[in-house]
Amino acid sequence: MVYTFQGGEKAVIIFSPYQCHQEHSFWFLNRKPNLLNTAVSRARELFILVGNLRELELAGGETKRLVEHIRQHGEIRPIK
């Protein structure tokens, strides 16, 4: 997991979860309380999620909820 978050509020938080191998899980994001909730709540202006949204949706739990929220209220851009 790579992220630029060191506590406290930040104007912009970039969060980039990734899996090195398919058998790895996102348990560290989907448990409560979790790092994902903390990161989202501390972003004052912009929260940027970098990653394979389909994989995050398939992981279920909080990551799925976040992707659903982004699809409804956010903006999705392909990486060029």
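Author: A salt bridge is a side-chain nitrogen of Lys or Arg within 4 Å of a carboxyl oxygen of Asp or Glu. This is a predicted model, in which local features need pLDDT of at least 70 and side-chain atom pairs count only at pLDDT 80 or more, while totals for chains, interfaces and linings use all residues. Residues are numbered from 1 along each chain as its sequence is written, and side-chain values use heavy atoms, with hydrogens and water left out.

Reader: What makes Glu57 and Arg71 a salt bridge?

Author: Their closest N and O atoms are 3.2 Å apart, and the limit is 4 Å, so the pair qualifies. The pair links distant parts of the chain, with Glu57 in helix H3 (residues 53-59) and Arg71 in helix H4 (residues 61-73), 14 residues apart. Helices here are DSSP runs of H or I with at least four residues, strands are runs of E with at least two, and both are numbered from the N terminus.

Reader: Why does Glu57 count as buried?

Author: Buried means under 20% relative accessible area, exposed over 50%, and partly exposed in between, with a 1.4 Å probe and protein chains only. Glu57 has 17%, so Glu57 is buried. Arg71 has 45%, so Arg71 is partly exposed.

Reader: Which residues are linked with Glu57 in a network of salt bridges?

Author: Arg54 and Arg71 are linked with Glu57 in that network. The structure holds 4 salt bridges.

Reader: How do you know that Glu62 and Arg65 form a salt bridge?

Author: The closest N and O atoms of Glu62 and Arg65 are 3.0 Å apart, so they fall within 4 Å. Both residues lie in helix H4, 3 residues apart, about one turn of the helix. Glu62 has a relative accessible area of 10% and is therefore buried.

Reader: Are Glu75 and Arg77 buried or exposed?

Author: Both are exposed. Glu75 and Arg77 also form a salt bridge, with the closest N and O atoms 2.5 Å apart.

Reader: Which residue types line the largest pocket?

Author: The lining divides into 13 nonpolar, 5 polar and 4 charged residues. Ala, Val, Leu, Ile, Met, Phe, Trp, Tyr, Cys and Pro count as nonpolar, Asp, Glu, Lys and Arg as charged, and the others, Gly among them, as polar. The largest share of the lining, 6 residues, comes from H4.
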